[in-house]
Amino acid sequence: MISKSFIIMILTLFMSISFSAKSDFFDLSFEGIDGNIISLKEFKNKPIIIVNSASFCGFTYQYEQLENLYQKYKKMGLVIIAIPSNDFGGQEFKDNKKVKEFCKVNFNISFPITKITKVKGKDRHPFFKWVEKEAGYLSLPKWNFYKYLINKEGKLSSWFSSVTKPSSDKFLKELGKLM
């Protein structure tokens, strides 16, 4: 007969293996705005900026700064991924095609954009669960345009709230460490 403590030990081991596998940044993926899969495995050994965004936010001008960074550093491997969300103040379109058109027409965005995605609450995307695990509750987005810098090894290097511009010295200094 199998002992109760043996079963508990096996279940604990299984749960810890499952949890650690799910918590690896490069195991995550997003659904792109065109329905394609954006697998983070594709971006191993590249610096990454991930930003939650919204088309009608007072911080939407940051798209232009992000696109400028992308154009400047993409040859050095920089990846930027925007995650449109309607979680804060209803400031995003409800249609992915409209989001894509808005980003192209107004900011000529050329970096990947995901479909409209939950970034808060229990149904939030696993990336934001990973962020909380890595940096705690305070790192979770409290509004649109929180920016997350991920190093080439898939570790959260730093994060910035909405009020920190991608063109700020503070942000650029941290980005420079990743390049």
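**Labels and cut-offs**

Mentor: Start with Lys 115, which counts as partly exposed at 31% relative accessibility. Keep in mind that this is a predicted model.

Trainee: What makes Lys 115 partly exposed?

Mentor: Buried needs a value under 20% and exposed a value over 50%. Lys 115 has 31%, so partly exposed is the label.

Trainee: Why is the contact between Lys 115 and Glu 31 called a salt bridge?

Mentor: The closest N and O atoms of Lys 115 and Glu 31 are 3.4 Å apart, and the cut-off is within 4 Å. Therefore the pair qualifies. Lys 115 is in the loop between α3 and α4 while Glu 31 is in strand β1, so the bridge ties together parts 84 residues apart in sequence.

Trainee: How do you know that Asp 87 is buried?

Mentor: Its relative accessible area is 14%, and buried means under 20%. Asp 87 also forms a salt bridge with Lys 118, with the closest N and O atoms 3.3 Å apart. Asp 87 lies in the loop between β4 (79-84) and α3, and Lys 118 in the loop between α3 and α4, so this pair ties together parts 31 residues apart in sequence. Lys 118 is partly exposed, at 40%.

Trainee: What labels do Glu 132 and Arg 124 get?

Mentor: Glu 132 counts as partly exposed at 26%, whereas Arg 124 counts as buried at 16%. These two form a salt bridge with their closest N and O atoms 2.5 Å apart. The count for the structure comes to 7 salt bridges.

Trainee: Why is the ring pair of Phe 30 and Phe 127 called tilted?

Mentor: The ring centres are 6.1 Å apart and the planes stand at 55 degrees. A pair needs centres within 6.5 Å; planes under 30 degrees apart would be stacked and over 60 edge-to-face. Phe 30 is in strand β1 (residues 29-31) and Phe 127 in helix α4 (residues 126-135), 97 residues apart. Both are buried. Ring pairs also link them into a cluster that includes Phe 25, Trp 130 and Tyr 148.

Trainee: What makes Asn 45 exposed?

Mentor: Its relative accessible area is 61%, and exposed means over 50%. Asn 45 sits in the loop between β2 (37-39) and β3 (48-53), and has a positive phi of about 65 degrees although it is not a glycine.

How values were computed:
Residues are numbered from 1 along each chain as its sequence is written. This is a predicted model: local features need pLDDT of at least 70, side-chain atom pairs count only at pLDDT 80 or more; totals for chains, interfaces and linings use all residues. Side-chain values use heavy atoms; hydrogens and water are left out. Rings of Phe, Tyr and Trp (its six-membered ring) pair if their centres lie within 6.5 Å; planes under 30 degrees apart count as stacked, over 60 as edge-to-face and the rest as tilted. Helices (H or I, at least four residues) and strands (E, at least two) are DSSP runs, numbered from the N terminus. Buried means under 20% relative accessible area, exposed over 50%, partly exposed in between (1.4 Å probe, protein chains only). A salt bridge is a side-chain nitrogen of Lys or Arg within 4 Å of a carboxyl oxygen of Asp or Glu.
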